[in-house]
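Here is a short report on how parts of one fold pack together. Keep the model open while reading.

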Amino acid sequence: MAASSLDGGSPRLAGRYQPMSAINVTPFVDVMLVLLVVFMVAAPLLTVGVPVDLPQTQAPPITEPKEPLVITINGEGHLFIQETEVPTESLVPRLGAITGNNPDALLYVRGDKAINYGRVLEVMSLVSSAGFRKVSLIAVPPKGATGKAASGAAPPDRSGQTVKR
């Protein structure tokens with residue numbers, strides 16, 4: 001009985017496991033660094049995915065707070081809504097379904113500079129005749145442009161493209 005009083009008076013705690021009070025954060029930091037690298041590589045790829053060679057323009061860029069709906073006309077004249085190819089005859093019904101027939105929905109038209117300008121006008125005419133009022137063209141600024149126009153407009157959007165109304 002005398003031996004049990006020498007260890008602090010509690011014989012029950014003498015042989016018990018003591019929990020570790022420090023948390024090992026190394027695996028957490030490793031995972032966060034991997035995720036950071038993955039998102040840094042993937043972020044530039046999040047722009048509209050249909051490759052087109054846009055014409056250049058001197059117009060100042062327009063900054064819009066909402067995410068617009070992008071209609072793309074590629075080099076062969078095929079139509080795309082965002083990244084989905086659509087036939088010309090179903091363009092207006094699909095736009096109506098996507099926007100909920102909202103005439104104030106933002107629509108951007110991207111046309112490859114190698115296609116006939118009449119094709120771009122045909123698409124814009126279809127969209128305008130369907131009742132959409134906010135239709136804009138997308139172009140890239142000329143090489144060597146500083147990104148700011150004389151009027152003090154904001155630089156191009158995140159994809160480096162200038163929007164012209």
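**Helix packing**

The axes of helix 2 (residues 91–99) and helix 3 (residues 117–129) come within 10 Å and cross at roughly 50°. Axes are lines fitted to C-alpha atoms, with angles from 0 to 180 degrees between N-to-C directions. Their crossing is right-handed.

Leu91, Val92 and Leu95 of helix 2 make the contact with Val123, Leu126 and Val127 of helix 3 (heavy atoms within 4.5 Å). Six of these residues are nonpolar, none polar and none charged.

**Model basis**

The model is predicted: local features need pLDDT of at least 70, side-chain atom pairs pLDDT 80 or more, while totals for chains, interfaces and linings use all residues. Numbering starts from 1 along each chain, and side-chain values use heavy atoms, without hydrogens and water.

**Strands**

Strand 4 (residues 106–111) and strand 5 (residues 134–139) run parallel, joined by five bridges (pairing needs at least two). Arg110 stands opposite Ile138 in strand 5. Strand 4, helix 3 and strand 5 form a right-handed β-α-β unit.

How values were computed: Helix = DSSP H or I, 4+ residues; strand = E, 2+ residues; numbered from the N terminus. Left-handed = near helix turned anticlockwise from the far one by under 90°. Nonpolar A, V, L, I, M, F, W, Y, C, P; charged D, E, K, R; others polar. Right-handed = clockwise from strand over helix to strand, strands pointing away.
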